[in-house]
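Here is a short report on a single model. Please look at the sequence and the fold before reading on.

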Amino acid sequence: MTDVHRTADRTADKTSDKTAEETHARRRARLAEALGEHEAGAVLVTWPVNVRYLTGLTSSNAAVLVTAAGEAALATDSRYRETAEAVCAGVEVVEDRDVAGALLDRCAGAERVLVEGDHMPVGLFQRLSERPSGSHPGRRPALTPAGGLVETLRAVKDEAEIEALRRACALTDEAFSLVVERVAPGVTEREIARWLEVAMVELGADRPAFDSIVASGPNGSIPHHSPSERRVERGDLVTMDFGARYGGYHADMTRTVAVGPPAAWQRDLYDLVRRAQRAGRHAVRPGATAGEVDAAAREVIAGAGHAERFGHGLGHGVGLEIHELPFLGPGRTGRLEDRVPITVEPGVYLPGAGGVRIEDTLVTRADGPELLTLTTKELLVL
């Protein structure tokens, strides 16, 4: 490598680091602004995914304190301190095994501190509530559980996050194209799941986004069937629900294929789900409520007499977690915003016979949803 190339690489690395620092600083600033609505002096974030979102640090033991004034401190133990100091520019790093307690000690005099009510264990909440605060023995802030503060911010993605999701979905598409050619009578559900997961990693994924679902024949009526030793038979429908994780971001896609010429009822069922899925995708737009998007697909299935065979919600947000805000389902009232990645995954499940589910990951856009999973939704006959 020439000196010119080395200099260019170092410049690119510094630019990337600066961009990440600015991104995390903006996220913390948005969180600080949200504290005003709760009349709280600070928020203590302990959920690992949310700590990563706010600071860039991936750790099994870390917490971050963000004050209403926009100041931030991150606590972690000696195993992660060096990484934290390298990754979390602009944030004070505190070394302590008791990460939550160390940060709470800095809140002496504050009247109220928010904690993540959806994630913090009851035992930890009780211990922190009874802990004297720093240099003010006997004085401690009131801890108030507040759910979804960071998760609400995470729902709307920046373009760098969407690009990571786009790459995760491309790897998912590519793995499917490689593996579907191997699906044939005699192979087991577990073999197919393993092929998918190995293919995604070999193509460049961090890891599978979740435990893959492969359901063949009558097992297709179980939406979250765990792959078994059942062997695929000619005449089966086979549902594959899987995804790649890339750069920490999770893809999610489901395709149902036919092994051998499908029976009339199988093709009819597939066509029904495909129409419902298309209706759901077309309903995705900024301003639509989660319930409206769900209804667009659910009404197609209900109109065919299968309302009771579609029991789960239409979809969910994806990002640093495989299931995150927003959730699409009956009665959900939250409105979609621009740049929100979600799944659309209707299904119909017939006990004893099988089922069909079709799922895509897409992003809400002002000019129409951007589809990230591009594998055909035509019924593939193998």
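**Basis and confidence**

This is a predicted model, in which local features need pLDDT of at least 70, side-chain atom pairs count only at pLDDT 80 or more, and totals for chains, interfaces and linings use all residues. Residues are numbered from 1 along each chain as its sequence is written, and side-chain values use heavy atoms, with hydrogens and water left out.

The mean pLDDT of the chain (the predictor's confidence in each residue, from 0 to 100) is 92. A pLDDT of 70 or more is reached by 93% of the residues. Residues 4-15 have pLDDT below 50. Beyond near neighbours in sequence, that stretch has two contacts in the model. Contact means heavy atoms within 4.5 Å.

**Salt bridges**

The whole structure holds 28 salt bridges. A salt bridge is a side-chain nitrogen of Lys or Arg within 4 Å of a carboxyl oxygen of Asp or Glu.

| Pair | Closest N and O atoms |
|---|---|
| Arg27 and Glu161 | 3.5 Å |
| Arg81 and Glu85 | 2.8 Å |
| Glu324 and Lys157 | 2.8 Å |

The pair Arg27 and Glu161 links distant parts of the chain, 134 residues apart. Arg27 sits in helix 1 (residues 3-38), Glu161 in helix 7 (residues 159-180). Helices (H or I, at least four residues) and strands (E, at least two) are DSSP runs, numbered from the N terminus. Arg27 is buried at a relative accessible area of 8%. Glu161 is buried too, at 4%. Buried means under 20% relative accessible area, exposed over 50%, partly exposed in between (1.4 Å probe, protein chains only).

The pair Glu324 and Lys157 also spans the sequence. Glu324 lies in strand 14 (residues 324-328), while Lys157 is in the loop between helix 6 (149-155) and helix 7, so the bridge ties together parts 167 residues apart in sequence. Glu324 is buried at 5% relative accessibility. Lys157 is buried at 1%.

Arg81 and Glu85 are a local pair: they are four residues apart in helix 3 (residues 81-87), so about one helical turn separates them. Arg81 is partly exposed, with a relative accessible area of 28%. Glu85 is partly exposed at 44%.

Salt bridges also link Glu159, Glu163, Arg166, Arg365 and Glu370 in a network.

Three strands form an open antiparallel sheet in the order 7-10-11. Strands pair if DSSP finds at least two bridges between them. Strand 7 (207-208) and strand 11 (249-250) are the edges. Each has a single partner strand, so one side of each is left without a neighbour in the sheet. Strand 7 pairs with strand 10 (residues 244-246) over two bridges, in the antiparallel sense. Arg207 has Arg245 of strand 10 as its bridge partner.

Helix 7 lies across strand 10 and strand 11. Its angle to strand 10 is about 145 degrees. Axes are lines fitted to C-alpha atoms, for helices over the stretch in contact, and angles run from 0 to 180 degrees between N-to-C directions.

**Ala146**

Ala146 belongs to strand 6 (residues 142-146). Ala146 is buried, at 11% relative accessibility. Which residues does Ala146 contact, leaving aside its neighbours within four places in sequence? They are Leu114, Val115, Glu116 and Gly117. The C-alpha atoms of Ala146 and Gly117 are 5.1 Å apart, with the residues 29 apart in sequence.
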